[in-house]
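Dear colleague,

Please find below the sequence and the structure that I am handing over to you. My notes on what was found follow directly after them.

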Amino acid sequence: MTKITFPTDEHHPYADMRAIELAQKITEVFNPDVRIAGSDGIDFYSISSFNKDPNHFKYGGLQREITEWQDTQRAWMDATPNADVYFLIGNHEDRLKRYLWKNPELYGLEVLELENLLDFEGLGIQMADKKGLEVVFHDKLVVKHGNIVRKWSGYTARAELEKETYDISTLSGHTHRGGQVFQKTRHGVVSGVEGFCLCDIEPTYISNPNWQQGLVLATVNDNAVQFELIPFYQKGQRKAAIWRGQEYTA
Ligand SMILES: [Fe+2]
Ligand SMILES: [Fe+2]
């Protein structure tokens with residue numbers, strides 16, 4: 001049996017620290033064997049190809065993005081003392097590679113490789129697979145950041161399942177929405193899940209996006225996958241969630 005926590009899409013420095021703290025409180029009780037890191041953990045706004053707000057650089061730029069993510073990883077380590085940590089390269093972490101491809105004179109510098117720049121070794125993190133794109137558990141569940149975005153909650157989960165030809169259950173991030181769908185197949189029921197987000201859901205650069213904060217936990221064995229989808233809600237100034245008959249706040 002493998003217990004997995006999937007805190008996705010933190011987007012430092014646009015993370016919601018209260019939402020992350022709430023996800024950590026629940027995860028600590030869950031005591032997972034596996035934690036997923038990356039998956040748009042860092043926004044890499046500083047090196048994106050879009051026009052940039054100069055204030056971002058006044059307040060620390062790329063170093064701030066990385067430091068805030070690393071500090072949060074240390075808090076995650078405390079919340080998951082027994083977990084192996086697998087890193088998924090989201091499209092935002094992929095901005096580093098695209099930046100280096102545009103500035104090839106820096107390409108190949110070891111210090112600029114994602115693993116070294118973010119200090120995987122010091123943070124006890126390993127790349128999910130050789131491309132950093134997915135990790136499979138018990139041949140029953142594939143966890144990935146994903147690259148499909150459909151309009152409504154659950155539609156992307158359906159599309160990710162379809163992409164896997166309904167062969168395996170899927171858990172993905174990227175959409176900043178929660179959702180779950182089921183499909184009966186000739187070899188049992190498979191399920192597709194979208195994993196919410198832990199970033200600020202009222203960002204200045206987009207008007208009222210249909211994003212939802214929350215956390216997904218998964219328990220997998222050789223026969224089945226059990227998902228727990230935990231949407232967060234606002235409780236005064238705090239974030240809250242109900243999980244296994246108890247309310248948690250941060
Ligand atoms: Fe994202
Ligand atoms: Fe993404």
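Two strands count as paired if DSSP finds at least two bridges between them. Please bear in mind throughout that this is a predicted model.

On that basis, E8 and E9 form a hairpin, with two residues between them. Strand E8 covers residues 178-185 and strand E9 residues 188-195, and the two pair in the antiparallel sense over eight bridges. Within this pairing, Phe182 has Ser191 in E9 as its bridge partner.

Strand E13, residues 238-243, is joined to E14 by four bridges in the antiparallel sense. Ala240 stands opposite Thr249 in E14.

H1 and helix H3 (residues 61-79) pack at an angle of about 20 degrees, and their axes are 9 Å apart. Angles under 35 degrees count as roughly parallel, and H1 and H3 are therefore roughly parallel to each other. The crossing in which H1 passes H3 is right-handed. On the H1 side, the residues that meet H3 are Ile20, Gln24, Thr27 and Glu28; on the H3 side they are Thr72, Ala75, Trp76 and Ala79. Sorted by class, this contact of H1 with H3 has four nonpolar, three polar and one charged residues.

I would also draw your attention to some points of backbone geometry. As background, most residues other than glycine have a negative phi, and most peptide bonds are trans. The peptide bond from His12 to Pro13 is cis, with omega near 15 degrees. Pro13 lies in the loop between strand E1 (2-6) and H1.

Where in the model is a positive phi found in Phe44, which is not a glycine? Phe44 belongs to the loop between strand E2 (34-38) and helix H2 (54-58), and its phi is about 55 degrees. A residue counts as buried if 20 or more other C-beta atoms lie within 10 Å of its own. Phe44 has 23 such atoms within 10 Å and is therefore buried. His176 likewise has a positive phi, of about 65 degrees, although it is not a glycine. The loop that holds His176 runs between strand E7 (169-172) and E8. His176 counts as buried because it has 22 C-beta neighbours inside 10 Å.

Finally, Gly132 is located in the loop between strand E4 (125-127) and strand E5 (134-137). With 20 other C-beta atoms within 10 Å, Gly132 is buried. Its contacts, leaving aside neighbours within four places in sequence, are with Phe87, Leu88, Ile89 and Met127. The C-alpha atoms of Gly132 and Gly90 are separated by 8.7 Å, and these two residues are 42 residues apart along the chain.

With kind regards

Key: Residues are numbered from 1 along each chain as its sequence is written. Chains are lettered from A and ligands numbered from 1 in the order in which they are written. This is a predicted model: local features need pLDDT of at least 70, side-chain atom pairs count only at pLDDT 80 or more; totals for chains, interfaces and linings use all residues. Axes are lines fitted to C-alpha atoms, for helices over the stretch in contact, and angles run from 0 to 180 degrees between N-to-C directions. Angles under 35 degrees count as roughly parallel, over 145 as roughly antiparallel, 65 to 115 as roughly perpendicular and the rest as oblique. A crossing is left-handed if the near helix is turned anticlockwise from the far one by less than a right angle, and right-handed if clockwise. Two residues are in contact if their C-beta atoms, placed from the backbone, lie within 7 Å. Ala, Val, Leu, Ile, Met, Phe, Trp, Tyr, Cys and Pro count as nonpolar, Asp, Glu, Lys and Arg as charged, and the others, Gly among them, as polar. A residue is buried if 20 or more other C-beta atoms lie within 10 Å of its own, exposed if 12 or fewer, and partly exposed in between; C-beta atoms are placed from the backbone.
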